[in-house]
Amino acid sequence: MVMLSAMHMYKAFGDTLVLRDISIEVREGEVLAVIGPSGSGKSTLLRCINQLETLDRGEITVCGERMVTDGRYSDPAALRRIRLKVGLVFQNFNLFPHFSVLQNVTEAPMKVLGKSREAAEATAKGLLKKMGVLEKAASYPFELSGGQQQRVSIVRALALNPEILFFDEPTSALDPELTGEVLKVIRSLAEEKMTMVIVTHEMAFARDVADRVVFMDGGVVVEEGPPSQVFGNPQQERTKQFLLRYTEG
Amino acid sequence: MTYEAIRSLLPAMVEGMLTSLQVFFLTLLISLPLGIVLAAGRMSKHGLIRWPVQLYLLVMRGTPLMLQLFFFYFGPYYLFGAKPMDRLWAAILTFGLNYTAYFAEIFRGGLESIPKGQYEAAIILGMTRWQTFTRIIFPQVLKRILPPMGSEFMTLVKDTALARVIAVAELFDIAAKAANSFVSVTPYILAAVFYLVMNFLVGHGFLLVERKLSYYK
């Protein structure tokens with residue numbers, strides 16, 4: 001089943017065309033990695049699908065529900081239903097600093113989904129435990145390391161039980177020694193067949209975890225395919241150059 | 001001044017202080033909520049909303065509070081021949097409208113200091129605009145604006161003395177009249193002590209709230 005179909009997307013900021021006729025599709029249980037140089041439009045792509053930016057043209061369908069048709073957005077009720085089906089993990093975590101870890105996770109299930117405190121806390125504690133941060137439940141974000149904060153923010157997204165989870169460079173704000181613990185929990189989600197779209201600069205991770213890789217540059221998809229092909233035998237010159245630069249470090 | 005004279009003056013000064021406190025609290029009641037509204041207006045994308053708000057802030061912050069007191073008290077009479085308002089209420093209204101401008105700028109500073117990511121996280125989690133503001137944004141704004149708010153509250157305590165110019169019998173008015181009739185500086189010293197005590201309490205109150213909110217960074 002196709003979980004996300006985003007076709008012919010266009011987006012400009014002023015005179016700068018950031019997305020030019022870009023299309024991606026994600027199937028249930030699939031992990032899609034989006035790679036590409038800075039400024040290639042990867043984050044904008046994610047932000048458009050997550051309703052943080054508005055598309056200029058294109059069509060987006062999420063879990064069978066139309067979000068944008070020919071550049072026109074569906075009614076607010078539909079957009080809200082779609083909002084609750086997708087989750088987004090930010091590069092900078094964006095945890096709520098005035099809430100404890102547990103409150104960060106239970107806030108939306110209680111206030112948005114109307115769950116009882118008991119139910120929300122039970123779910124939250126289960127997920128925190130799974131991500132190895134249960135002992136931090138009563139702590140505040142500033143008391144956590146970057147890796148712990150990012151794992152909490154993944155738990156916060158999972159607590160709403162999304163159909164698709166998006167990651168916007170989830171390890172880019174972390175010290176190198178902390179990226180491993182975050183990649184590990186994303187990998188465990190992949191093993192559980194969570195549908196995910198991951199924008200990342202971690203090439204080894206993308207190669208290892210993704211079912212499919214999209215290489216973006218200049219607002220277009222340059223190359224797309226299974227990791228073995230995109231990383232092992234890239235067809236396009238731009239892909240080759242990009243990967244070369246990355247493997248050189 | 002004799003001890004007896006001071007003792008007989010104190011009840012009047014306490015009464016004056018109560019009037020000052022009335023001005024203080026009712027001013028806050030008007031200006032704090034209105035300040036939030038104007039801060040929102042000042043940050044609006046729409047020029048038609050933002051521009052009048054900016055003009056309001058300029059006028060209220062750019063002209064003397066004493067002038068504004070005269071204007072609001074005498075203005076309706078001079079302009080329309082209307083019956084003058086009650087002096088106390090004219091003072092409260094003027095202070096309210098004036099402090100709204102200062103609070104609006106403090107709120108704006110606080111609101112603009114909250115990272116965009118906080119709004120985006122709330123949006124992504126499906127929170128409504130009201131939930132985002134009341135649960136996520138405002139509590140963080142409150143913590144950040146406490147120091148400037150504390151100063152502004154203390155300034156207001158002292159500014160209530162200006163109500164004297166439209167003959168509101170507040171603390172300073174009582175003291176000044178007593179100083180004249182007793183030909184003594186003692187009433188001024190007494191009034192100073194009253195203001196100091198009030199502002200000590202205001203400052204201490206803010207310190208307590210700051211401490212309460214220091215559990216996070």
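This is a predicted model: local features need pLDDT of at least 70, side-chain atom pairs count only at pLDDT 80 or more; totals for chains, interfaces and linings use all residues.
Residues are numbered from 1 along each chain as its sequence is written, chains are lettered from A and ligands numbered from 1 in the order in which they are written, and side-chain values use heavy atoms, with hydrogens and water left out. The model scores ipTM 0.93 and pTM 0.89.

Chain B is built from 8 helices and 0 strands, where helices (H or I, at least four residues) and strands (E, at least two) are DSSP runs numbered from the N terminus. Read from the N terminus on, its elements therefore run α-α-α-α-α-α-α-α. The C-alpha trace of chain B spans about 70 × 50 × 20 Å along its principal axes. Of the 217 residues in chain B, 44% are buried, a word that here means under 20% relative accessible area, with exposed meaning over 50% and partly exposed in between (1.4 Å probe, protein chains only).

T100(B) is found in helix α4 (residues 87–112) of chain B, and it counts as buried because its relative accessibility is 1%. Leaving aside residues up to four places away in sequence, T100(B) touches I30(B), S31(B), L34(B), G35(B), L38(B) and Y56(B).

The next topic is the contact between the two chains. It takes 19 residues from chain B and 23 residues from chain A. The size of an interface is often given as the accessible area lost when the parts come together. Here chain B and chain A bury about 2,100 Å² between them, 64% of it on carbon and sulfur atoms, buried area being the accessible area (1.4 Å probe) that two parts lose on being put together, summed over both. In chain B, the residues that lose the most area to chain A are I124(B), L125(B) and R135(B), which together account for 33% of what that side buries.

Between chain B and chain A there are 9 residue pairs in polar contact, with both residues at pLDDT 80 or more; such a contact is a pair of N or O atoms within 3.5 Å, where within protein one must be able to donate a hydrogen and the other to accept it, and residues adjacent in sequence count only if both atoms are side-chain atoms. On the side of chain B that touches chain A, the elements giving two or more residues are α5 (116–124) and α6 (129–159) of chain B, and α5(B) contributes the largest share, 8 residues. The residues of this side divide into 10 nonpolar, 5 polar and 4 charged, with Ala, Val, Leu, Ile, Met, Phe, Trp, Tyr, Cys and Pro counted as nonpolar, Asp, Glu, Lys and Arg as charged, and the others, Gly among them, as polar.

In one salt bridge, the side chains of R135(B) and E107(A) meet at 2.7 Å, N to O. This pair crosses between chains, from helix α6 of chain B to helix α3 (residues 101–111) of chain A. R135(B) counts as partly exposed because its relative accessibility is 30%, whereas E107(A), at 5%, counts as buried.

Other salt bridges lie within a chain. The side chains of E65(A) and K85(A) meet at 3.6 Å, N to O, and this pair links distant parts of the chain, with E65(A) in strand β5 (residues 65–69) and K85(A) in helix α2 (residues 76–85) of chain A, 20 residues apart. E65(A) is buried at 15% relative accessibility, while K85(A) is partly exposed at 22%. In chain B, K177(B) forms a salt bridge with D173(B), the closest N and O atoms being 2.8 Å apart. Both residues lie in helix α7 (residues 171–182) of chain B, 4 residues apart, about one turn of the helix, and D173(B) is buried, with a relative accessible area of 3%. Finally, salt bridges that share partners join R47(A), E53(A), K116(B) and E120(B) into one network.

Terms used:
Contact means heavy atoms within 4.5 Å. A salt bridge is a side-chain nitrogen of Lys or Arg within 4 Å of a carboxyl oxygen of Asp or Glu.
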